[in-house]
Amino acid sequence: MRGLDLRIHVWLTAFQKDVDGRVKPGHDEKNGATMHDDDDTPAHCGTGKTRLYVDAAMAAGGDVALDKDQSHYLINVLRMGEGERVLVFNGRDGEWAAEIAEASKKAAVLRVIERTRAHQPLPDIWLLFAPVKRARLDFIAQKATEMGASMIQPVITHRTVVSRVKDQRLQANVIEAAEQCGLVALPEVREAEKLDGLLAHWSKQGGAGKEGTEREAPRRILFCDEAAAPGDAKATLERLAAEGGRGAPWALLIGPEGGFDAEERAKLHARKDTVAISLGPRILRADTAAIAALAAVQMVLGDW
Ligand code: SAH
């Protein structure tokens with residue numbers, strides 16, 4: 001009965017469109033859960049609180065002006081009013097409790113009260129992936145954020161079919177996932193780039209972090225090679241960890257639905273800064289491969 005009840009409630013709340021016609025996540029007030037636009041399950045990751053990403057600097061007592069979309073979401077969709085509390089984060093200063101100071105439907109203002117959580121940097125793991133079609137691209141951006149990738153970038157390989165990727169769409173998915181899953185840090189989103197060009201200037205990538213902090217260690221590429229012999233991914237990752245790879249800068253590389261071509265594979269295998277790994281004896285779809293690889297790498301080389 002509870003399941004049915006929840007489903008009806010979700011159905012009622014999950015399809016609220018904003019002024020541009022974009023479907024926004026609804027809100028299940030009974031369960032305090034934020035809903036995804038296109039599925040019928042609670043989409044938050046257990047925070048149960050309304051969390052908003054804002055770009056502004058944050059300090060106790062300061063005001064944060066919300067944009068039109070966020071004001072609409074808070075005041076019209078969630079029907080929140082003056083004095084009610086939300087959590088806000090900007091990806092740099094941790095998470096803060098804030099109170100609605102002006103419940104304007106177009107330009108609401110929050111008053112920042114106190115810090116609820118400190119900033120927590122992400123492990124230095126990038127995800128480079130050949131772009132796929134819309135829904136799967138959204139999935140990759142959302143899940144990579146949840147998995148703690150510190151940078152995501154579409155790479156155009158020889159067999160990539162999808163050539164135009166909207167950064168803004170990737171960014172919106174990253175923000176949505178970070179809001180819903182209690183993250184205080186967001187992955188950087190970089191513009192799509194050709195794999196050949198990216199590899200040509202790769203040595204310059206170094207370990208430069210999000211804030212531009214140069215590091216000595218070069219960033220190595222973990223090349224997910226569908227043609228690699230399966231069975232030794234764990235041993236390979238553990239060897240890299242034993243050599244000091246845990247916490248080091250890494251970039252995972254995932255190919256397109258058509259796979260890497262022979263020239264790309266040869267080029268990648270020939271590089272000293274590249275390690276090929278198999279994701280098992282079954283071929284995974286690119287979006288599945290991205291998330292599976294992030295899980296394996298987080299477990300052995302990241303912060304799991
Ligand atoms: N069409 C290709 C598969 C491409 S799958 C073929 O049939 O061989 C898309 C991408 O996901 C691959 O380029 C690779 O980066 C990754 N991938 C999928 N399955 C994998 C596996 N078992 N091992 C390593 N990488 C894999």
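Two strands count as paired here if DSSP finds at least two bridges between them. Keep that in mind as we walk through this model, which is a predicted one.

Let's start with the hairpins. S6 is joined to S7 by a hairpin, and the link runs through six residues. The two strands, S6 and S7 (residues 109-117), lie antiparallel and share seven bridges. If you'd like some landmarks along that pairing, look for Glu 95, whose bridge partner in S7 is Arg 117. Another one is Ala 97, which sits opposite Glu 114 of S7.

Now look at the other neighbour of S6. Strand S5 (residues 85-89) pairs with S6 (residues 95-102), again in the antiparallel sense, this time over five bridges. Here Val 88 faces Trp 96 of S6. S5 and S6 form a hairpin as well, with five residues between the strands, and in it Gly 91 adopts a positive phi near 85 degrees.

Step back and you can see where these strands belong. They're part of an open sheet of five strands, and reading across it the order is S3-S5-S6-S7-S4. The pairing in this sheet is mixed. At the edges you'll find strand S3 (51-53) and strand S4 (63-65), each of which pairs on one side only. Ignoring direction, neighbouring strands in the sheet are turned against each other by 40 degrees on average.

How do H6 and H8 cross? Helix H6 covers residues 233-245 and helix H8 covers residues 286-301; their axes come within 9 Å and cross at roughly 40 degrees. That angle is why H6 counts as oblique to H8. Angles under 35 degrees would have counted as roughly parallel. As for handedness, H6 passes H8 in a right-handed crossing.

Which residues make the contact? From H6 come Ala 233, Leu 237, Glu 238, Leu 240, Ala 241 and Gly 245. H8 contributes Ala 296, Val 297, Val 300 and Leu 301. Sort them by class and the contact of H6 with H8 has eight nonpolar residues, one polar and one charged.

Definitions and conventions: Residues are numbered from 1 along each chain as its sequence is written. This is a predicted model: local features need pLDDT of at least 70, side-chain atom pairs count only at pLDDT 80 or more; totals for chains, interfaces and linings use all residues. Axes are lines fitted to C-alpha atoms, for helices over the stretch in contact, and angles run from 0 to 180 degrees between N-to-C directions. Helices (H or I, at least four residues) and strands (E, at least two) are DSSP runs, numbered from the N terminus. Angles under 35 degrees count as roughly parallel, over 145 as roughly antiparallel, 65 to 115 as roughly perpendicular and the rest as oblique. A crossing is left-handed if the near helix is turned anticlockwise from the far one by less than a right angle, and right-handed if clockwise. Two residues are in contact if their C-beta atoms, placed from the backbone, lie within 7 Å. Ala, Val, Leu, Ile, Met, Phe, Trp, Tyr, Cys and Pro count as nonpolar, Asp, Glu, Lys and Arg as charged, and the others, Gly among them, as polar.
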